[in-house]
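Hello,

Here is the structure I promised to pass on. My notes follow below it.

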Amino acid sequence: MIDRGIKQCLGQMMKGVEVVAARHDGITRAYTSHWVSQVSFAEPIVMASVSPRHDTYPLMIAAGEFSVSILAGDQVAEGQYFSYPGRKFHRIATEYLTDWPDDPAAPPVVVNSIAWLRCRIREEMPMQDHQLVFADVIA
């Protein structure tokens, strides 16, 4: 269990909020992540942290790719909606997600977000309770 003081300190770090989404075999899932980071200057590589228990994880791995939607400050409802465990979704809010422009087979993205990234998985690294998924930004 993480020390409460440390947890409060870590929670003060400046960080954006992103929604990570994947689609495979007609199934779409997404989750709000506070742990998506650029990890390279030489190449556009990002790292996304995901719980292997979340419904999005097996879709990311099966598809070999995922999208990252960087939320705007006024997209609190979208961030909160995708912060619930994927297994609790009885439906995906189509008002929050849209197809990737010009490629409906690509992972979906959040409507009106600041930016979208399409990421192709290059490798994973297991952590205690999450997987770190490293990916090349391809669009």
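**Notes on the model**

D102 sits in the loop between strand 6 (97-98) and strand 7 (109-110). Helices (H or I, at least four residues) and strands (E, at least two) are DSSP runs, numbered from the N terminus. This is a predicted model, where local features need pLDDT of at least 70, side-chain atom pairs count only at pLDDT 80 or more, and totals for chains, interfaces and linings use all residues. Residues are numbered from 1 along each chain as its sequence is written, and side-chain values use heavy atoms, with hydrogens and water left out.

**Loop residues**

D102 has a phi near 70°, a positive value in a residue other than glycine. D102 is exposed, at 83% relative accessibility. The classes are: buried under 20% relative accessible area, exposed over 50%, partly exposed in between (1.4 Å probe, protein chains only).

N112 also deserves a look. Its phi is near 65°, positive in a residue other than glycine. N112 belongs to the loop between strand 7 and strand 8. At 64% relative accessibility, N112 is exposed.

E95 is in the loop between helix 3 (76-81) and strand 6. E95 counts as partly exposed, at 47% relative accessibility.

**R118**

R118 is part of strand 8 (residues 115-126). R118 is buried, with a relative accessible area of 15%. Its side chain makes a polar contact with the side chain of E65, at 2.8 Å. The side chain of D103 is another polar partner of the R118 side chain, at 2.8 Å. A polar contact is a pair of N or O atoms within 3.5 Å; within protein, one must be able to donate a hydrogen and the other to accept it, and residues adjacent in sequence count only if both atoms are side-chain atoms. Leaving aside residues up to four places away in sequence, R118 touches residues including W100, P107 and I138. Contact here means heavy atoms within 4.5 Å.

**Aromatic pairs**

The whole structure holds four aromatic pairs. In one of them, the rings of Y81 and Y96 have centres 5.4 Å apart and planes at 65°, so the pair is edge-to-face. Y81 lies in helix 3 and Y96 in the loop between helix 3 and strand 6, so the pair ties together parts 15 residues apart in sequence. Rings of Phe, Tyr and Trp (its six-membered ring) pair if their centres lie within 6.5 Å; planes under 30 degrees apart count as stacked, over 60 as edge-to-face and the rest as tilted. Y96 is buried, with 18% relative accessible area. Y81, F82 and Y96 make up one aromatic cluster.

Best wishes
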